[in-house]
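Trainee: Hi! Could you walk me through this one, please?
Mentor: Happy to, let's open it together.

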Amino acid sequence: MRDSSIGSADGAAGSVTAVAAEARAADPALDALQTEEYTLNLGPQHPSTHGVYHAKLRLNGESIVGCENVIGYLHRGMEKLAESRTYAQFAPYTARFDYLAGVLNNWGYAMALEKLGGIAVPERAEYIRVIVAELQRIASHLVMLSSMVIDLNAVTGWMYAFTAREGILDLLEAVSGSRMNLNYIVAGGVTEDLPEEFEAKVKRTFEDLHARLDDFDRLVSGNEIFLGRTRGIGVIESGQALEYGMTGPNLRASGVDLDLRKDAPYGIYDKLDFDVPVLRGGDSFDRYHIRLLEIHESVRLVEEAMAGLPQGPVRTKLPKAWKPAAGEVFEQIESARGIQGYHIVSDGSAKPYRMHLRSPSFVNIGVLPELAPGLTIQDFVATLASLDIVLGEIDR
Amino acid sequence: MRDGQDILKALGRGSAGPAGAGSADGDGPAGAARTAIAAARELAVRPSELVEVLASLKGLGDFVLIDIDAVDRPEGFDVAYRLLDRGGEGPAGIFTVKARADRSDPRLPSVMSIWKAADVMEREVWDLMGVVFEGRTGLKRILCKDDFEGHPLRKDYILVRTPRFPVREELRPAEGAEGGQR
């Protein structure tokens with residue numbers, strides 16, 4: 001692939017090194033030349049860092065020799081805020097953790113509260129939760145796909161995926177009234193039943209989504225420049241991924257078959273028929289590709305849950321001043337980026353004694369200082385994009 | 001009171017001494033430990049046992065460290081290590097190992113040598129809760145800025161409202177002046 005003119009021009013990482021090696025072989029005196037290492041601050045104000053992520057890179061020419069993650073620019077002290085709010089008051093804050101997958105945050109928090117208080121969830125609500133959560137997962141993955149290709153200068157691909165995402169956000173808006181920061185899944189069920197004509201709307205949106213994804217796939221997945229910049233770049237071995245506690249699509253792209261929806265089913269996932277895509281390469285391309293495959297599985301899940309949607313109530317009402325018994329819970333869900341866990345400690349009052357979020361992105365970026373050395377800057381950007389981080393949940 | 005005694009025993013730790021190789025179910029110590037873990041889901045250990053227990057759990061092959069967090073209680077800091085039990089053939093789940101650090105001088109051994117993932121997690125717990133992890137390097141603030149004082153998630157941390165736009169001293173109204181306070 002690198003033989004073609006486009007591939008080799010773009011796959012600069014390999015060719016620059018090769019040219020340098022050739023030059024050194026031709027003139028031994030070049031070996032004596034030392035270049036000075038320097039520091040480059042990538043971010044926090046840089047579009048390719050997806051928010052306010054900041055990497056302090058040590059560089060030798062184009063090559064990275066050291067990388068340090070600097071985070072905390074978006075730290076809002078949410079865990080401390082939770083301690084001075086009632087359980088219901090804190091619920092809307094949760095969507096601001098992972099703001100690209102708001103409703104999945106809602107779900108994790110609601111599940112923790114339900115376990116803490118022993119609250120039953122009506123069956124219809126469980127189905128609606130899967131529908132809305134999988135729609136949210138599609139929207140989140142579409143952002144990942146589009147932001148990854150625009151990081152690699154593919155502006156057209158970005159527009160395709162973002163337009164498709166807008167269709168999904170319209171559905172979420174129809175359900176909850178809010179495009180991004182939903183407060184829809186609450187302890188005891190969901191806030192409201194699905195709107196009229198929702199099924200028809202979903203059907204239309206999915207037709208559009210399929211068409212756009214096919215276009216996107218044809219535009220990007222086989223594109224030589226895209227392949228040249230992502231194939232074999234930023235490879236994370238399965239053992240390394242586990243060592244760093246990585247979860248979610250990033251782990252599954254490294255060949256580890258672990259998806260809580262399948263392996264520790266919550267809600268009604270055990271009643272639904274779906275596959276968990278697992279890829280073996282562990283490189284940036286596989287992390288991109290697995291999102292594309294997961295979108296199709298999520299579409300399947302939404303359609304299945306739609307077909308099986310039972311009638312009935314959608315919410316178990318809780319008293320206004322809800323006080324769970326003293327105790328603590330840790331509940332985890334499979335979010336769009338990995339395992340999201342809520343640790344809630346109750347002392348019997350109306351406010352949590354302690355609330356902690358286990359956020360997948362926070363742990364996933366831990367691998368970068370080990371992964372970055374040896375990469376060039378453009379490879380680092382591709383690798384970072386493929387890890388799909390959200391600073392809202394990293395910094396909390 | 002420590003309900004994890006059988007797990008410790010199966011792992012070959014704790015007061016009961018090492019488990020014999022010929023354990024009852026024929027699976028050896030690892031099998032016995034898996035059975036005990038499946039029943040308990042949680043284990044409280046002394047800080048001195050922490051590293052050994054976590055290393056033994058890692059040795060069983062299915063456990064991955066996914067989170068460390070702490071709760072500030074009057075009795076001390078309860079630090080919880082969440083291990084993802086990949087479950088082998090069975091269902092996955094979370095297994096929690098807890099250790100309590102002293103309230104006045106909280107110190108725990110670092111587990112970074114067991115799982116590299118512990119690096120960012122320990123830094124977070126130190127930053128927000130002030131629990132010192134010993135035997136590692138680079139324990140510095142991660143979410144708060146470097147010159148931040150105190151550990152904000154502690155219960156005795158006093159929240160002070162900082163003015164959004166700091167008022168320069170010379171512009172501050174004189175003591176007792178009218179209309180200076182909002």
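Trainee: How many residues does helix 8 of chain A have, and what does it reach from its first C-alpha to its last?
Mentor: Helix 8 of chain A, residues 198–221, has 24 residues and reaches 32 Å, close to the 34 Å expected at 1.5 Å a residue. That expected span is 1.5 Å times one less than the number of residues. Helices here are DSSP runs of H or I with at least four residues, and strands are runs of E with at least two, numbered from the N terminus. Keep in mind that this is a predicted model, where local features need pLDDT of at least 70, side-chain atom pairs count only at pLDDT 80 or more, and totals for chains, interfaces and linings use all residues. Residues are numbered from 1 along each chain as its sequence is written, chains are lettered from A and ligands numbered from 1 in the order in which they are written, and side-chain values use heavy atoms, with hydrogens and water left out.

Trainee: Which residues of helix 8 of chain A are buried?
Mentor: Among them are Phe198(A), Val202(A), Phe206(A) and Leu209(A). Buried means under 20% relative accessible area, exposed over 50%, and partly exposed in between, with a 1.4 Å probe and protein chains only.

Trainee: And what do they pack against?
Mentor: The buried residues of helix 8 pack against helices 6, 7, 9 and 13 of chain A. Helix 13 is mostly covered itself, with 17 of its 24 residues buried.

Trainee: New topic: is Asn105(A) buried or exposed?
Mentor: Asn105(A) counts as buried because its relative accessibility is 0%. You'll find Asn105(A) in helix 5 of chain A.

Trainee: What does its side chain reach?
Mentor: The side chain of Asn105(A) reaches the backbone nitrogen of Asp98(A) at 3.0 Å and the backbone oxygen of Ala101(A) at 2.6 Å.

Trainee: Now the two chains. How many residues of each are in contact?
Mentor: In chain A, 32 residues are in contact with 38 residues of chain B, contact meaning heavy atoms within 4.5 Å.

Trainee: How many salt bridges are there across that interface?
Mentor: The rule finds 7 between chain A and chain B. A salt bridge is a side-chain nitrogen of Lys or Arg within 4 Å of a carboxyl oxygen of Asp or Glu. One of the pairs is Lys58(B) with Glu243(A), whose closest N and O atoms are 3.1 Å apart.

How values were computed
A polar contact is a pair of N or O atoms within 3.5 Å; within protein, one must be able to donate a hydrogen and the other to accept it, and residues adjacent in sequence count only if both atoms are side-chain atoms.
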